[in-house]
Amino acid sequence: MKVLVIGGGAREHALCRSLSQDPTVSELHCAPGNAGIAQVATVHPVDQLNGAQVADLAVRLGAALVVVGPEAPLVAGVSDAVRAVGIPVFGPSAEAAQLEGSKAFAKDVMAGAGVPTARSYVCTTPAEAAEALDAFGAPYVVKDDGLAAGKGVVVTSDRAAALEHAASCERVVIEEYLDGPEVSLFAITDGTTVVPLQPAQDFKRALDGDEGPNTGGMGAYSPLPWAPAGLVEEVQQSVLQPTVDELRRRGTEFSGLLYAGLALTSRGTRVIEFNARFGDPETQVVLARLRTPLAAVLLAAATGTLDQLEPLRWDEGAAVTVVVASEGYPAAPRTGDPIEGLAEAEADGTAFVLHAGTRADEDGRVLSAGGRVLSVTATGADLVEARDRAYAAVDRITLKGGQHRTDIALKAATE
């Protein structure tokens with residue numbers, strides 16, 4: 001089948017890499033793509049927030065499936081536009097994507113579904129925010145109600161900083177702090193059947209030791225050797241299936257990728273947030289371990305036939321991804337610098353490089369074009385081997401002022 005992927009980051013490169021290895025995919029297209037995606041798919045210039053443009057491209061290509069990667073096109077209704085022209089699409093409607101597009105909407109759905117989550121207040125004025133902060137106490141958790149590219153959450157013990165973030169947002173959700181380690185769990189759903197993937201953990205802070213500012217994600221790993229037995233089954237029963245059922249009950253069927261960000265607290269598993277798409281950089285490690293061909297799984301979700309799918313097959317080993325970011329990220333990323341050593345990083349076949357913020361110049365050189373530039377990913381028999389291979393590949397890449405964390409998966413690999 002012909003498949004069109006919408007987006008241009010490392011998540012979309014991971015999706016395109018997996019789809020390009022699927023023997024049922026006869027043609028692979030991506031819009032707008034990036035320099036790395038162009039090596040495995042035909043790229044097309046398109047405004048990914050313009051549903052009419054995306055739908056028109058899908059029709060012209062004769063696509064049998066459209067996969068929408070980022071959250072912004074989903075919230076903008078791109079999936080609805082593609083469905084309107086009769087093409088199956090992996091990604092929820094604009095209405096269902098409010099599960100990520102609005103923290104307040106997500107909290108309301110969780111309440112209706114009986115999903116365990118943090119107690120919270122929705123605030124629209126400085127006075128309301130101050131009252132909510134004082135009700136919960138430090139550490140303060142302040143979330144922009146709308147989309148913020150993974151950087152709309154502030155967790156701080158500084159009340160003034162919490163108030164400042166609240167004041168910068170139109171509407172915020174202020175909630176109690178959840179202790180315990182965090183887990184990302186993806187599930188593919190057609191609106192009725194829910195198929196969970198393997199859990200992963202990502203690293204949001206810019207610097208080693210979880211220091212520095214919040215980012216879109218600096219690395220990830222899977223599996224989680226420390227996670228309690230039965231975690232996936234528990235979350236399936238208490239979080240994922242009830243949420244999908246509640247949305248269907250409301251007439252807002254959710255099909256696509258439901259992402260649950262979880263905290264394993266001293267009082268049990270709690271949902272931190274929902275996303276309506278594959279997470280970045282967790283997708284890079286989860287798909288690296290998936291052995292079932294991807295296209296049929298996504299098509300089943302898009303066509304309401306997930307209940308006919310055979311159980312997913314997984315690599316028993318581990319995967320680690322390390323994000324290489326540009327100088328100045330996340331505050332003021334520097335772009336336009338050449339990236340060297342990409343072929344060398346992949347030369348021994350144990351690691352692969354997924355492009356995030358890159359572009360090719362007229363001479364064919366790959367240049368940095370964003371804050372997070374690359375996701376260097378490796379697999380291995382265990383986390384130690386996967387980690388060693390990922391960092392060995394990172395060491396072969398040069399980018400002026402480039403930065404990366406050195407402790408991705410370190411604790412999990414050494415415990």
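This is a predicted model: local features need pLDDT of at least 70, side-chain atom pairs count only at pLDDT 80 or more; totals for chains, interfaces and linings use all residues.
The axes of H1, residues 10-20, and H10, residues 282-289, come within 8 Å and cross at roughly 15 degrees; since angles under 35 degrees count as roughly parallel, that makes H1 roughly parallel to H10. On the H1 side the contact is made by Ala 10, Arg 11, Ala 14, Leu 15 and Ser 18, which meet Thr 283, Gln 284 and Leu 287 in H10, and the residues of this contact divide into 4 nonpolar, 3 polar and 1 charged.

Let me turn to the sheet. Here 4 strands form an open, antiparallel sheet in the order E6-E9-E7-E8, with E6 (120-123) and E8 (153-156) as the edge strands, each pairing on one side only. Neighbouring strands are turned by 20 degrees against each other on average, if direction is ignored. Within the sheet, E7, residues 140-144, is joined to E8 by 4 bridges, and Val 142 has Val 154 in E8 as its bridge partner. Helix H6, residues 103-113, lies across E6, E7 and E9, running at about 50 degrees to E9, while helix H7, residues 126-136, also packs on the sheet, where H7 touches E6, E7 and E9 and its direction makes about 170 degrees with that of E6.

Finally, what about strand E20, residues 351-355: are its residues buried or exposed? In E20, 5 of 5 residues are buried, with Ala 351, Val 353 and His 355 on one side and Phe 352 and Leu 354 on the other. E20 pairs with E23, residues 372-380, in the antiparallel sense over 5 bridges, and the partner of Leu 354 there is Ser 375.

Methods
Residues are numbered from 1 along each chain as its sequence is written. Side-chain values use heavy atoms; hydrogens and water are left out. Buried means under 20% relative accessible area, exposed over 50%, partly exposed in between (1.4 Å probe, protein chains only). Helices (H or I, at least four residues) and strands (E, at least two) are DSSP runs, numbered from the N terminus. Two strands pair if DSSP finds at least two bridges between them. Axes are lines fitted to C-alpha atoms, for helices over the stretch in contact, and angles run from 0 to 180 degrees between N-to-C directions. Angles under 35 degrees count as roughly parallel, over 145 as roughly antiparallel, 65 to 115 as roughly perpendicular and the rest as oblique. Contact means heavy atoms within 4.5 Å. Ala, Val, Leu, Ile, Met, Phe, Trp, Tyr, Cys and Pro count as nonpolar, Asp, Glu, Lys and Arg as charged, and the others, Gly among them, as polar.
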